[in-house]
Amino acid sequence: MKRIALSILLAPALLAAPAPVEAASGGAALGAHPYDSYETPEACGSCHTDFYEQWRQAMMSQCYTHHWDEIEYFRLAVPHAEKDEKVAEVKAGCNGCHAPLSFLAGDVPPPRPEENSRANESVSCDFCHTIAGFEGEIPYNFNWISTPGAKKFGPKPGLESPVHETEENEFMRSAEFCGTCHNEMSPYGAWVKATHIEWKEGPYSEEGVLCRHCHMPAARGKSAVMAEEGWVAQHLFHGAHDPGKLAGAVEIRMHPETREVDVRDAVVLKVQLFNAKAGHKIPTGSVEDRIVWLHVEAVDAKGKIYHLPVDPKGFDGEEYTIASDVLAYQDMGIPLEIRNFKGVPRDGIPVGDRIFRMPYFDPQGRMTIQQWNTKSFGADYRIGPRETKIETFTWEPPETVALGKVTFRAVLNYQKLVGPVAEFLDVPPEESEVVLINHASTWVELYD
Ligand code: HEC
Ligand code: HEC
Ligand code: HEC
Ligand code: HEC
Ligand code: HEC
């Protein structure tokens with residue numbers, strides 16, 4: 001992505017508060033503050049009971065303990081960092097976003113989740129509420145400025161708490177705050193996570209619709225047990241681990257070019273897919289792992305099912321957006337020490353389905369899920385915020401088809417981690433479960 005253009009774009013929007021003396025950010029924060037500079041979430045939860053319970057259910061409290069994160073960090077990233085000088089920084093760096101207290105304590109690698117250390121607090125209350133601002137022009141790679149202490153930053157002026165100071169900090173309410181962890185640049189200079197950048201370039205930023213409006217919606221309630229009722233930001237952070245957040249995020253309609261079709265002719269279907277709900281692309285974030293795909297089937301009058309492959313559009317790199325059974329992800333062989341690793345199937349879904357994705361390539365040009373080992377990208381065929389993509393399916397009814405009504409069903413699915421990689425690395429099945437985003441149907445009448 002365009003790095004220089006972006007810094008110009010973002011420069012005026014920055015709200016970083018002046019940094020106190022003890023502040024440290026980004027790589028320089030490694031080892032800057034011992035664990036006991038921060039209070040535990042349980043300590044905050046004794047008064048902020050609702051937020052504590054909400055946070056516990058959100059991925060934000062599981063960034064370090066979640067099993068797939070543990071597998072990727074300990075089985076792939078750490079051994080890779082120890083073998084390849086170019087990516088050595090990620091051994092500490094992953095924790096800058098997933099276990100910031102360990103990063104700040106210089107505890108690298110942190111103890112495994114089963115050891116129940118403070119790394120398990122993941123992205124905690126006291127960590128977020130003592131971030132004063134960020135350093136630089138673009139928020140990315142944990143360039144937050146952490147200032148632990150009695151003063152808790154929040155969205156409101158003049159609040160009183162019996163145990164801590166409060167200070168209104170506009171930065172907490174900005175999208176840049178989230179961007180410090182939701183934009184990531186690989187050691188090769190590639191934007192391997194760009195949720196904040198996608199949002200910034202899309203229509204919602206201009207309209208003042210921020211991350212928190214969709215992920216921390218305000219509702220009437222109390223922010224602490226002894227507080228007055230008011231509008232308070234719910235700490236939901238629902239995302240791809242919440243089927244309800246994914247449901248309907250893309251709207252679909254489908255129609256045939258003509259309703260009555262001679263059985264010797266082709267049926268031509270158009271499918272419209274509208275990203276109606278997300279402030280960024282779909283999929284966003286961990287795009288190296290995620291796929292969204294469109295599967296279309298016909299059911300004839302006798303109930304026989306036929307699979308329809310998508311019509312290619314002919315753009316450069318399109319082969320990565322149409323499911324196939326080729327192998328990929330060979331660079332997992334480096335950390336796993338498998339010589340001449342052939343890879344695993346790239347997609348693991350029906351061949352011919354359209355995939356909305358952006359492939360990540362390692363320095364050898366092979367597709368990778370190791371975002372830290374990413375040097376370049378293929379075609380970005382994701383659905384942008386408020387973008388509509390149209391796909392065409394041309395179907396020549398086979399000779400065996402039953403005459404009469406043929407029904408077509410289009411299904412848009414989501415998978416957090418491509419199936420064959422999940423299987424290969426023994427990642428718990430829920431990480432590769434198929435989640436329905438939306439579906440549509442239509443019909444034609446076949447005559448002889
Ligand atoms: C003994 C109870 C208690 C504990 C423990 C507590 N708080 Fe608070 N906190 C409050 C009260 C009361 C308020 C004011 C709420 C109001 O008036 O709306 C508050 C306000 C806040 C605010 C809002 C500040 C603003 O300016 O908008 C933040 C942020 C906050 N607390 C964070 C924390 C964090 C982080 C912890 C744990 C490190 C914590 N609190 C522990 C009682 C507590
Ligand atoms: C207009 C509402 C809206 C705004 C604004 C918005 N999001 Fe989202 N976000 C969604 C929806 C809907 C989803 C679920 C669809 C998906 O996963 O892409 C989502 C998903 C996500 C996910 C999970 C992505 C995945 O597939 O793993 C992350 C992370 C995320 N948002 C972060 C952010 C951040 C950070 C910002 C601000 C820079 C932001 N969002 C702004 C609506 C929004
Ligand atoms: C990922 C960072 C993050 C984490 C983790 C987090 N918060 Fe917050 N919190 C925010 C942001 C951002 C806001 C302001 C949102 C807004 O104004 O819309 C906020 C607002 C608040 C407020 C003021 C609510 C209001 O609207 O007046 C309190 C109190 C608070 N948080 C306490 C907590 C506690 C307690 C925890 C842990 C259980 C916690 N937060 C975890 C980012 C975080
Ligand atoms: C200190 C780093 C950090 C900050 C700051 C941060 N996040 Fe996150 N966030 C993460 C990490 C790490 C994950 C991935 C959790 C996991 O392991 O799946 C995540 C996950 C998410 C998800 C996906 C949840 C899911 O169900 O898949 C959403 C949504 C999200 N964050 C929204 C936000 C918003 C909104 C803000 C700003 C108010 C924010 N985050 C600030 C680190 C951060
Ligand atoms: C700049 C911050 C940042 C850094 C550095 C970072 N991550 Fe993440 N990571 C995130 C965020 C934010 C998400 C959530 C994105 C989403 O929901 O799509 C995430 C998601 C993930 C996921 C997917 C979790 C899921 O639930 O599907 C894994 C696994 C992961 N990270 C591992 C790592 C490893 C290993 C490293 C180091 C090589 C690393 N991360 C470095 C911010 C970061």
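Two strands are said to pair if DSSP finds at least two bridges between them. Helices (H or I, at least four residues) and strands (E, at least two) are DSSP runs, numbered from the N terminus. The model shown is predicted: local features need pLDDT of at least 70 and side-chain atom pairs count only at pLDDT 80 or more, whereas totals for chains, interfaces and linings use all residues. Residues are numbered from 1 along each chain as its sequence is written, and chains are lettered from A and ligands numbered from 1 in the order in which they are written.

**View 1. Strands β10, β12 and β20 form an open sheet**. The order of the three strands is β10-β12-β20, and their pairing is antiparallel. Because β10 (250-256) and β20 (388-395) each have a single partner strand, they stand at the edges, and one side of each is left without a neighbour in the sheet. From one strand to the next, the twist averages 20°. Eight bridges join β12 (residues 267-275) to β20 in the antiparallel sense. Leu 273 is found opposite Lys 389 in β20. In general, strands of a sheet pair through backbone hydrogen bonds, either parallel or antiparallel.

**View 2. Helices α4 and α5 cross at roughly 150°**. Their axes come within 9 Å; axes are lines fitted to C-alpha atoms, for helices over the stretch in contact, and angles run from 0 to 180 degrees between N-to-C directions. The crossing makes α4 roughly antiparallel to α5 (angles under 35 degrees count as roughly parallel, over 145 as roughly antiparallel, 65 to 115 as roughly perpendicular and the rest as oblique). On α4, the contact is made by Asp 69, Tyr 73, Ala 77, Val 78 and Ala 81, and on α5 by Val 90, Lys 91, Cys 94 and His 98. Residues are in contact if their C-beta atoms, placed from the backbone, lie within 7 Å. The contact residues comprise six nonpolar, one polar and two charged, where Ala, Val, Leu, Ile, Met, Phe, Trp, Tyr, Cys and Pro count as nonpolar, Asp, Glu, Lys and Arg as charged, and the others, Gly among them, as polar.

**View 3. A shell of 25 residues surrounds ligand 4**. The closest residues are Cys 178, Cys 181, Cys 211, Gly 239 and His 241; a residue is near a molecule if its C-beta atom, placed from the backbone, lies within 6 Å of it. Helices α5 (90-98), α8 (175-182) and α11 (211-215) each supply at least two residues of this shell, and the largest share, five residues, comes from α8. By class, the shell holds 14 nonpolar, eight polar and three charged residues.

**View 4. Both domains contribute to the shell around ligand 5**. Of the 24 residues that surround ligand 5, the closest are Glu 72, Cys 94, Cys 97, Glu 184 and Gly 285. At least two shell residues come from each of α4 (67-83), α5 and α8, and α5 gives the most, with six. The shell divides into ten nonpolar, nine polar and five charged residues. Domain 1 (3-233) and domain 2 (243-447) each provide at least three of its residues; these bounds come from an automatic or database domain assignment.

**View 5. Domain 1 touches domain 2**. In this contact, 28 residues of domain 1 meet 27 residues of domain 2. On the side of domain 1, α4, β7 (191-194), α9 (195-201), α10 (203-206) and α11 each supply at least two residues. Helix α4 gives the most to that side, with nine residues.

Definitions and conventions:
Contact = placed C-beta atoms within 7 Å.
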